[in-house]
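Let us read this model slowly, by asking and answering one question at a time.

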Amino acid sequence: MNIRVVVVDNSEELLIKLTRILKEIDGIELCGSFNDAITAMQYVRGNPVDMVFSDVVMPDISGITLAAKLYELPDPPEVVLLSGIPGFSLEAWKIRAFGFIIKPYTKTQIIKMIDQYKMNKRVVV
């Protein structure tokens with residue numbers, strides 16, 4: 001069973017980087033890459049998604065607000081927040097985000113977060 005993932009980042013460069021990393025990981029089905037939180041939220045509301053990797057600082061809606069809204073859904077995905085500002089890790093903790101990764105991130109950190117998801121959800125890929 002593949003883990004269905006969505007990526008959200010308003011930085012085109014970082015969106016491409018994370019998309020590339022996820023495509024290289026076995027057992028990951030990349031369902032979408034979005035440069036804004038509103039479009040990503042609309043997608044997740046209408047499609048089954050297991051994990052969302054989202055930048056924190058974005059125009060219109062922050063990644064923290066996106067995560068809080070997603071966690072209100074009946075079957076919410078887990079949200080991993082990404083930021084170059086370490087102080088946001090406290091906000092991520094307050095909304096009970098699945099994880100927080102400080103930018104610049106590495107493929108190893110992304111894999112570790114996916115492995116943690118597999119262990120918590122008992123996913124066999």
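Q: Which residues of helix H3 are buried, and on how wide an arc do they fall?
A: In this predicted model, the buried residues of H3 are Gly63, Ile64, Leu66, Ala67 and Leu70. An α-helix has 3.6 residues a turn, so residues three or four places apart point the same way. Looking down the axis of H3, we find its buried residues lining one face of the helix, because they fall within an arc of 160°.

Q: Which residues of helix H2 are buried, and how wide is the arc that they cover?
A: Helix H2, which runs over residues 37–46, has Ala37, Ala40, Met41 and Val44 as its buried residues. These residues are on the same side of H2, because the arc they cover around the axis is only 100°.

Q: Which residues are exposed on the other side of H2, and which elements are included in what covers its buried residues?
A: On the other side of H2, the exposed residues are Gln42 and Gly46. The buried residues of H2, in turn, have a cover that includes strand S1 (3–8), strand S2 (28–34), strand S3 (51–55) and helix H3 (63–70).

Q: Is Ser54 buried or exposed, and what is its relative accessible area?
A: Ser54 has its place in strand S3, and residues that it touches, not counting those up to four places away in sequence, are Val8, Gly63, Leu66, Val80, Leu81 and Leu82. Because buried means under 20% relative accessible area, Ser54 counts as buried, with a value of 0%.

Q: Is Ser83 buried or exposed, and at what relative accessibility?
A: Ser83 lies in strand S4, which spans residues 78–83. Leaving aside residues up to four places away in sequence, Ser83 touches Asp55, Val56, Phe88, Phe100, Ile101, Ile102 and Lys103. Ser83 counts as buried, and its relative accessibility is 2%.

Q: How many Å apart in space are Phe98 and Val79, C-alpha to C-alpha?
A: Phe98 is in the loop between helix H4 (88–94) and strand S5 (99–102), and at 13% relative accessibility it counts as buried. Among the residues that Phe98 touches, not counting those up to four places away in sequence, are Met51, Tyr71, Val79 and Tyr117. Although Phe98 and Val79 are 19 residues apart in sequence, the C-alpha to C-alpha distance between them is 5.3 Å.

Q: What separation do the C-alpha atoms of Gly27 and Ile114 have?
A: Gly27 lies in the loop between helix H1 (12–23) and S2, and this glycine is buried, with a relative accessible area of 14%. Gly27 and Ile114 are 87 residues apart along the chain, while their C-alpha atoms are separated by 9.7 Å.

Q: What is the value of phi for Asp60, a residue other than glycine?
A: Most residues other than glycine have a negative phi, and most peptide bonds are trans. Asp60 has its place in the loop between S3 and H3, where at 73% relative accessibility it counts as exposed. Its phi is positive, near 70°.

Q: What is the phi of Arg96, which is not a glycine?
A: Arg96 is found in the loop between H4 and S5, and this residue is exposed, with a relative accessible area of 70%. The phi of Arg96 is positive, at about 60°.

Q: How many nonpolar, polar and charged residues are in the lining of the largest pocket?
A: The largest pocket has a volume of about 210 Å³, and of the 15 residues that line it, the closest to its centre are Pro48, Val49, Asp75, Pro76 and Pro77. H2 and helix H5 (107–121) each supply at least two residues of this lining. By kind, the lining residues divide into eight nonpolar, one polar and six charged.

How values were computed:
Residues numbered from 1 in each chain as written. Predicted model: local features only at pLDDT ≥ 70, side-chain atom pairs only at ≥ 80, totals over all residues. Heavy atoms only, no water. Buried < 20%, exposed > 50% of the residue type's maximum accessible area, 1.4 Å probe, protein only. Helix = DSSP H or I, 4+ residues; strand = E, 2+ residues; numbered from the N terminus. Arc of directions from axis to C-beta. Contact = heavy atoms within 4.5 Å. 1 Å grid on protein atoms, 1.4 Å probe; cavity = no way out; pocket = protein on both sides within 12 Å on 5 of 7 lines; lining within 4 Å. Points joined across faces, edges and corners; volume = space filled by probe spheres on them. Nonpolar A, V, L, I, M, F, W, Y, C, P; charged D, E, K, R; others polar.
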